[in-house]
Amino acid sequence: MGLKRTIFLERLSRGESIIVAEGYIFEFERRGYLKAGTFVPEVVIDQPDLVRQLHEEFVHAGSDVVLAFTYYAHREKLKLIGREDELEQINLKALEIAREVADRTGTLMAGNICNSTVYEKGNPEKERNVEQMFKEQIEWAVRGGADFIVGETFGDYGEAKLALDCIKKYGNGLPAVITLSAPLIDVTLDGVPIVKACQDLEAAGAAIVGLNCGRGPATMLPTLKEIRKACKCPIAALPVPYRTSEKEPTFFSLTIPGTDRKAFPIDLPACLCSRWEIQQFAEECKNIGIQYVGLCCGNASHYLRIVAEVYGKNPPASKFSPEMDKHFIFGRKLETNTYFTEHVKSQIS
Ligand SMILES: [Zn+2]
């Protein structure tokens with residue numbers, strides 16, 4: 001574990017980029033193994049093989065990190081589904097699966113803590129409660145052999161800072177990746193400008209700071225540019241692959257095109273980015289020097305492979321990247337294929 005932790009920090013200091021697949025909650029909801037609304041990763045103990053397979057699939061598509069599926073595997077969420085007594089079991093199982101896949105594939109394994117959903121700035125009792133929730137999950141991540149710990153999706157600067165402090169206090173020296181997910185454009189929920197929040201998290205000892213979830217590529221990029229300018233450490237960017245805009249800046253605010261119905265969460269597929277849009281996002285991230293890059297809720301392997309390829313990687317899944325030159329209609333032979341030229345070309349030109 002000590003060696004892997006050093007490898008992670010060394011790779012970052014060499015300027016190497018790290019590709020990170022997230023989005024496990026949405027993917028397992030879509031497949032029918034956890035519930036939209038509560039969004040608790042019950043599948044970890046109900047169907048562990050499926051979790052192992054999705055980790056493997058994401059590594060196949062280019063992920064350098066196996067993120068232990070402990071997102072929302074915390075006390076408050078498990079209470080919601082009446083499985084609080086399985087809290088330790090679910091965390092340790094998720095870590096065991098992730099460690100095993102990372103070792104087998106030569107990737108890094110990250111522990112994962114996230115927004116508690118009960119944090120309230122200035123409420124000492126709530127803060128103590130959240131610290132306790134972070135503490136237990138961080139200690140399990142250490143026991144499970146994580147190489148670093150991701151603390152993510154924090155709307156409040158105060159909660160992000162508390163997560164970082166807890167990783168420093170209980171994380172046995174493991175590096176911390178801290179990402180914010182403010183639903184407002186320029187400030188955290190507790191009123192700290194996002195760029196300043198990232199600077200302060202860097203100053204407080206985060207190895208990487210940045211943004212994850214909530215925003216799609218279009219509304220995350222402008223802020224990422226500001227963060228990149230303001231911070232010295234590596235920056236993380238993990239948007240959701242949905243078409244957010246100035247008018248609808250996060251996936252919570254998206255409406256289904258052509259209607260006035262809100263899309264979150266079950267109709268978000270109506271707002272998905274195209275692969276080309278994901279490619280453009282990855283290219284922009286690379287240009288501005290984003291070093292830790294991936295996709296959050298809504299991610300799937302075909303998107304992640306594009307990010308990996310833009311960053312110059314050649315994951316096993318690239319063997320099957322599109323090669324339309326050999327397509328029977330759209331390939332180079334189109335001109336000589338008179339049957340389709342006549343019947344199809346007129347419709348597609
Ligand atoms: Zn997400």
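**Entry 1: ground rules.** I number residues from 1 along each chain as its sequence is written, and side-chain values use heavy atoms, with hydrogens and water left out. Because the model is predicted, local features need pLDDT of at least 70 and side-chain atom pairs count only at pLDDT 80 or more, while totals for chains, interfaces and linings use all residues.

**Entry 2: strand β7.** I started from strand β7, residues 235-238. Helices (H or I, at least four residues) and strands (E, at least two) are DSSP runs, numbered from the N terminus. I use buried for under 20% relative accessible area, exposed for over 50% and partly exposed for values in between (1.4 Å probe, protein chains only).

Next I looked up the pairing of β7; two strands pair if DSSP finds at least two bridges between them. Strand β6 (residues 208-212) runs parallel to β7 and is joined to it by four bridges. Strand β8 (residues 292-295) also runs parallel to β7, with two bridges.

I then followed the connections. β6, helix α10 (residues 217-230) and β7 form a right-handed β-α-β unit. β7, helix α11 (residues 275-288) and β8 form a right-handed β-α-β unit as well. A crossover is right-handed if, with the strands pointing away from the viewer, the path from the first strand over the helix to the second runs clockwise.

**Entry 3: domains.** The protein chain is divided into domain 1 (3-314) and domain 2 (325-349); such bounds come from an automatic or database domain assignment. I find 43 Å between the two domain centres, taken over C-alpha atoms.

**Entry 4: cavities.** Rolling a probe the size of a water molecule over the atoms shows where empty space is left. On a 1 Å grid over the protein atoms alone, a cavity is a set of points where a 1.4 Å probe fits but cannot get out, a pocket is an open set with protein on both sides within 12 Å along at least five of seven lines, and lining residues have an atom within 4 Å of a point. Grid points are joined across faces, edges and corners, and a volume is the space filled by probe spheres set on the points.

How many cavities of 30 Å³ or more are there? I count two. The largest holds about 100 Å³, and its lining includes Glu22, Tyr24, Phe69, Asn112, Glu152, Cys296 and Cys297. By class, this lining has eight nonpolar, two polar and two charged residues. Here Ala, Val, Leu, Ile, Met, Phe, Trp, Tyr, Cys and Pro count as nonpolar, Asp, Glu, Lys and Arg as charged, and the others, Gly among them, as polar.

The second largest cavity holds about 40 Å³. Asn112 is listed in this lining too, along with residues including Thr70, Asn91, Gln137 and Ile149. α6 (87-105), β3 (108-114) and α7 (124-143) each supply at least two of the lining residues. The lining has five nonpolar, five polar and no charged residues.

**Entry 5: pockets.** The largest pocket holds about 430 Å³. Of its 24 lining residues, Tyr71, Tyr72, Asn115, Thr153 and Phe252 lie nearest its centre. The lining divides into 14 nonpolar, seven polar and three charged residues.

The second largest pocket holds about 290 Å³. It is lined by 17 residues, with Phe26, Arg30, Tyr242, Pro269 and Gly298 closest to its centre. Which helix gives the largest share of this lining? It is α2, with four residues. α2 (24-31) and α12 (301-310) each supply at least two.

Entry 6: I noted two residues other than glycine with positive phi. Phe39 has phi near 50 degrees, sits in the loop between α2 and α3 and is buried at 9% relative accessibility. Cys213 has phi near 60 degrees, sits in the loop between β6 and α10 and is buried at 7%.

Gly32 lies in the loop between α2 and α3 (43-46) and counts as exposed because its relative accessible area is 59%. Last, a cis peptide bond joins Phe264 and Pro265, with omega about -15 degrees; Pro265 lies in the loop between β7 and α11.
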